Amino acid sequence: MTTDTTAYEDDLDEQAPAAGDPADFDAFFAEQDTSRPRESFTLYGTRYVLPDSLPLMFTLQAERVQDSNDPNDVRKMLGTLFGGDTLDTWAEHGMTDRQFGIVLIYSAANVRTPGSVTMQRAAELHDEQERARAAGKAPAPNRAARRTKPKNGKRRSSGKR
């Protein structure tokens, strides 16, 4: 028994780049971007369209600055997700830390799966996190603070004798 694959080979020939032509990820990703659904929301009169996945720069910055209290670090992260001077704009409009947390929870959930979390559910999740944080122990001090405290009441040694 033989199978005629000529029709399939023609399809592959149309899809494959000519020998020596590089694969065009720009075109491929542009096509992908238009086919995936995206969530949007309005805040302080500005419409924000969430990306279909978290930008790599956002992910890298989140890892790098996870324990940072520097507003510039937060400003850079928000800029990669929402653009421009988002933190300053929201702060100028009087956004509270609770509102900020709700927007971040809503956005993070809906980047990956649009429509998965409502604003109300984001508020509930935020409040649950805050209650858990308040009921739990205080956050551990950062590494620099832990280094300055001697263990078991002993004085720190430089290791030199």
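The structure is a predicted model, in which local features need pLDDT of at least 70 and side-chain atom pairs count only at pLDDT 80 or more, while totals for chains, interfaces and linings use all residues. Residues are numbered from 1 along each chain as its sequence is written, and side-chain values use heavy atoms, with hydrogens and water left out.

Asp127 takes part in a salt bridge with Arg98, in which the closest N and O atoms lie 2.8 Å apart. Helices (H or I, at least four residues) and strands (E, at least two) are DSSP runs numbered from the N terminus. Arg98 is likewise partly exposed, at a relative accessible area of 37%. A salt bridge requires a side-chain nitrogen of Lys or Arg within 4 Å of a carboxyl oxygen of Asp or Glu, and by this rule the count comes to 5.

Further salt bridges involve Arg121. The side chains of Arg121 and Glu124 meet at 3.3 Å, N to O; the two residues are 3 residues apart in helix 7 and so are separated by about one helical turn. Arg121 has a relative accessible area of 33% and Glu124 one of 34%, and both are partly exposed. Glu128 also forms a salt bridge with Arg121, the closest N and O atoms being 3.5 Å apart. Through shared partners, the salt bridges join Arg121, Glu124 and Glu128 into one network. Glu128 counts as partly exposed, with a relative accessibility of 38%.

Glu39 is located in the loop between helix 2 (25–35) and strand 1 (40–43). This residue is buried but has no salt bridge, and Arg47, the nearest side chain of opposite charge, is 9.0 Å away; Lys and Arg count as positive, Asp and Glu as negative, and His and the chain ends are not counted. The side chain of Glu39 is instead joined to that of Tyr106 by a polar contact of 2.9 Å (a pair of N or O atoms within 3.5 Å; within protein, one must be able to donate a hydrogen and the other to accept it, and residues adjacent in sequence count only if both atoms are side-chain atoms). With residues up to four places away in sequence not counted, Glu39 touches Tyr48, Val49, Leu50, Tyr106, Asn110, Pro114 and Gly115, contact being defined as heavy atoms within 4.5 Å.

Technical notes: Buried < 20%, exposed > 50% of the residue type's maximum accessible area, 1.4 Å probe, protein only.
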